[in-house]
Amino acid sequence: MAAGLGTRLRPHTLTAPKPLLPVQGRPILDWSLAALPPAVDRVIVVVHYLAEQIEAYLKTQKHFKQWAAVRQEQPRGTGDALRACRGQLRSDHFLALNGDDLYGAKDLAALAARPAGLLVYPVDDPRRWGIAFLRPDGTLEKLVEKPDLEGRRLANTGAYVFPKEVFDIDLQLSARGEYEITDYVSALAARQPVHVVEAKYWLPVGNVEAWQKAENEDLQSVLGR
């Protein structure tokens, strides 16, 4: 998913979409594609803001010969972005992830091996994140956005593996007037086990400080290829 405006990284995102901001000389999206496991043979990138730039990058990237760009003409949330890909999907299950976060290659491979699941990462400030609550068997019970809780919790990283049947779920507008991918996840968890995979590495590039941190990380060792 690479359709966002990147408002917290302005003015840098006034002329370039956030997934194309450089980290150690490579676009964030290039690192993301390189981290995908070998089981992934095709990528679909949802675009909106400065879409032409991302499409031009996809034409020159060397990671995947098979790719497609899907335009989200009216940005109506992450659930709508996922739904926009439905006509392009060919496989029985698929990964979905934020195009401007950095994920560990081994973590994504572990996620991809599940029939349905999400990647989580331990955080000490749960009020800033969507938090995963688990059932006794370790599968997902529910996701709660920015709960009023203290202590270490498991944050939703925005990386998922879905069966194609997820689109049988009738997604409704959320309280903020958007279609949320997390509503897909919660509804799926009520129907079947959604496995929770704890990540060893996750860096959401949400602001200038995180962007600067990414410049100093040993990304090659954790993101692969």
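**View 1. Helix α6 and its buried face.** In helix α6 (residues 208-215), the buried residues are Ala210, Trp211 and Ala214. Here, buried means under 20% relative accessible area, exposed means over 50%, and partly exposed lies in between (1.4 Å probe, protein chains only). Helices (H or I, at least four residues) and strands (E, at least two) are DSSP runs, numbered from the N terminus. Looking down the axis of α6, you find its buried residues within an arc of 105°, so they line one face of the helix. The arc is that of the directions from the helix axis to the C-beta atoms. These buried residues pack against β1, β6 (101-103), β12 (202-204) and α7 (219-223); such packing rests on contact, meaning heavy atoms within 4.5 Å.

A word on the model before the next view: it is predicted, so local features need pLDDT of at least 70 and side-chain atom pairs count only at pLDDT 80 or more, while totals for chains, interfaces and linings use all residues. Residues are numbered from 1 along each chain as its sequence is written, and side-chain values use heavy atoms, with hydrogens and water left out.

**View 2. Helix α5 and what covers it.** Helix α5 (residues 181-191) has the buried residues Ile181, Tyr184, Val185, Leu188 and Ala189. They cover an arc of only 130° around the axis, which puts them on the same side of α5. Look around them for their cover, which includes α3, β9 and β10.

View 3. Ala51, Ile54, Glu55, Tyr57 and Leu58 are buried in helix α2 (residues 51-60). Their arc around the axis is only 155°, which puts them on the same side of α2. Among the elements covering these buried residues are β2 (26-27), α1, β3 and β4.

View 4. Gln61 sits in the loop between α2 and β4. Is Gln61 buried or exposed? Gln61 is buried, with a relative accessible area of 8%. A polar atom of the Gln61 side chain lies 3.3 Å from the backbone oxygen of Leu58, and a polar atom of that side chain lies 2.8 Å from the backbone nitrogen of His63. Leaving aside its neighbours within four places in sequence, Gln61 is in contact with Asp30, Leu33 and Trp67.

**View 5. Arg76 and its partners.** Arg76 lies in the loop between β4 (67-71) and α3 (78-84). With a relative accessible area of 36%, Arg76 is partly exposed. Its side chain makes a polar contact with the side chain of Asp80 (3.2 Å). A polar contact is a pair of N or O atoms within 3.5 Å; within protein, one must be able to donate a hydrogen and the other to accept it, and residues adjacent in sequence count only if both atoms are side-chain atoms. Leaving aside neighbours within four places in sequence, Arg76 is in contact with Arg83, Glu178 and Tyr179. Arg76 and Tyr179 are 103 residues apart in sequence, and 6.1 Å apart in space, C-alpha to C-alpha.

**View 6. Two residues with a positive phi.** Most residues other than glycine have a negative phi. Gln24, although not a glycine, has a positive phi of about 50°. You will find Gln24 in the loop between β1 (22-23) and β2, and Gln24 is partly exposed, with a relative accessible area of 32%. Lys146 is not a glycine either, and has a positive phi of about 50°; the place to look for Lys146 is the loop between β9 (140-145) and β10 (153-163).

**View 7. The second largest pocket.** The second largest pocket has a volume of about 720 Å³. Of the 30 residues that line this pocket, the closest to its centre are Val40, Arg42, Val43, Phe94 and Leu95. The elements giving two or more residues to the lining are α1 (28-35), β3 (43-47) and β5 (93-97), and β5 gives the most, with 5 residues. On a 1 Å grid over the protein atoms alone, a pocket is an open set of points where a 1.4 Å probe fits, with protein on both sides within 12 Å along at least five of seven lines; lining residues have an atom within 4 Å of a point. Grid points are joined across faces, edges and corners, and a volume is the space filled by probe spheres set on the points.
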